[in-house]
Amino acid sequence: MRDGTVDVSAQASVSMAQRKWVLLSEPTSLLRVVEANSQQSTLRPADAGTELLGATPMDKGGWRVPADNNAPEFFVVGTPGIEHRRVGDFTVRYVADDWQRVHHLGLMSSHAQALHYLGDVVYADTPVPERERALLVVWVGIDARHGRAGGAAGSRSFLANYMIGGDKNVPDHLAVTFMIMAHEQFHQLADARRGELPELPAWINESIAQYYGLRAMQRAIHDAATAEKLIRQFIDPDREVEQRFAEVEGMFAIDRPRALELAYRQGATFWAELDRTLRVASDGASSLDEYIPGLLQMKFPEDGLLPQAFLTQLRSWNDSRIEQAIMKYVGAAPDTENSGR
Ligand SMILES: [Zn+2]
């Protein structure tokens, strides 16, 4: 594909960097074997002359294909330039369409910073299990004039667009680039942390990734005003709530773009409000971060509501503002709602 035109959120398989390598996207290009006791399987190149790179190397060669309750994976076929880094507990393999641009934008150090921060949020004091420590990150530039930059997270890998060109709004574009990267990094960590558990409800998955993606972006950006401007596009407690998440969850199957939009904006606003209220209620002793490792291990009801165990934890603060935030953004089970429906 022509340089600067690949929106990686399409999760397609595309030839990159003058055909030096091909991005192989499991969601659109690989059949995943579903077995009764489906653990994980291995992807190997068909012949010795084919170079294959994945996220997690298997003991007997080849690369892990995740089990079917996990997010899909991304692979690289061919000979890209690969960089390895140790970031805390993680070993990360990076592939880029253009290393000069990636280094110039400081993407390697901002990713390391985001992984440290988000790894701490997701795992807290628990050591990261050995099999969850190898990651693959693929950077692909997209022309700012294209108007769209995206990402896609896999089980141990993710793709992220970074914005190039467009001389005018360079700081704004960098903030968007960092936000996308951190959003996808959060998804990846959340998938690993859930392990064998079923996928998170879509609105939860997308809204927490967006909230923590913005928080990580804010830490990585030196220009506070630029970060704040981007945050305000998503987090706005004054914005009217059009539909609560108990209604939005079903929308993902019908109108995914609209449901995503609600998760990114209204959903991120919910977590920001809950975080703020927890800090106030606890005089700064607690925050949302403390609840995330537990929340990611919970079973979620199918109606788009929050798990009972999480609500019980929050209610132990006995603070009506927490209750109000939940009612305003998420809604409640019909039998406890006084709407007269
Ligand atoms: Zn997402």
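The model is predicted. Three residues, His183, His187 and Glu206, coordinate the zinc ion. The salt bridges number 17. One of them pairs Lys229 with Asp172.

**Zinc site**

- The zinc ion is held by NE2 of His183, NE2 of His187 and OE of Glu206, at 2.0 to 2.1 Å.
- Along the sequence, these donor residues follow the spacing H-x3-H-x18-E.
- His183 sits in helix H4 and Glu206 in helix H5 (residues 202–220), so the pair ties together parts that are 23 residues apart in sequence.
- His183 has a relative accessible area of 5%, so the residue counts as buried.
- Glu206 is also a buried residue, because its relative accessible area is 10% and the cut-off for buried is under 20%.

**Asp172 and its partner Lys229**

- Asp172 belongs to helix H4, which spans residues 170–194.
- Leaving out residues up to four places away in sequence, Asp172 touches Thr226 and Lys229.
- The side chains of Asp172 and Lys229 are joined by a polar contact of 3.2 Å.
- The two residues also form a salt bridge, with the closest N and O atoms of Lys229 and Asp172 3.2 Å apart.
- This pair links distant parts of the chain: Lys229 is in helix H6 (residues 224–234) and Asp172 in helix H4, 57 residues apart.
- Lys229 is partly exposed at 41% relative accessible area, and Asp172 is partly exposed at 24%.
- Asp125 lies 47 residues from Asp172 along the chain, and their C-alpha atoms are separated by 34 Å.

**Other salt bridges**

- Side chains of opposite charge can pair when their charged atoms come close.
- Arg145 forms a salt bridge with Asp143, and their closest N and O atoms are 2.7 Å apart.
- Arg145 is exposed, with 71% relative accessible area, whereas Asp143 is buried at 19%.
- The 19% value for Asp143 falls under the 20% cut-off, so the residue counts as buried.
- Arg85 forms a salt bridge with Glu83, with 3.3 Å between the closest N and O atoms.
- Both partners are partly exposed: Arg85 has 36% relative accessibility, and Glu83 has a relative accessible area of 21%.

Conventions. Residues are numbered from 1 along each chain as its sequence is written. This is a predicted model: local features need pLDDT of at least 70, side-chain atom pairs count only at pLDDT 80 or more; totals for chains, interfaces and linings use all residues. Side-chain values use heavy atoms; hydrogens and water are left out. Helices (H or I, at least four residues) and strands (E, at least two) are DSSP runs, numbered from the N terminus. Contact means heavy atoms within 4.5 Å. A polar contact is a pair of N or O atoms within 3.5 Å; within protein, one must be able to donate a hydrogen and the other to accept it, and residues adjacent in sequence count only if both atoms are side-chain atoms. Donors are N, O and S atoms within 2.8 Å of the metal (3.2 Å for Na, K and Ca); water is not among the atoms, so sites may look incomplete. Buried means under 20% relative accessible area, exposed over 50%, partly exposed in between (1.4 Å probe, protein chains only). A salt bridge is a side-chain nitrogen of Lys or Arg within 4 Å of a carboxyl oxygen of Asp or Glu.
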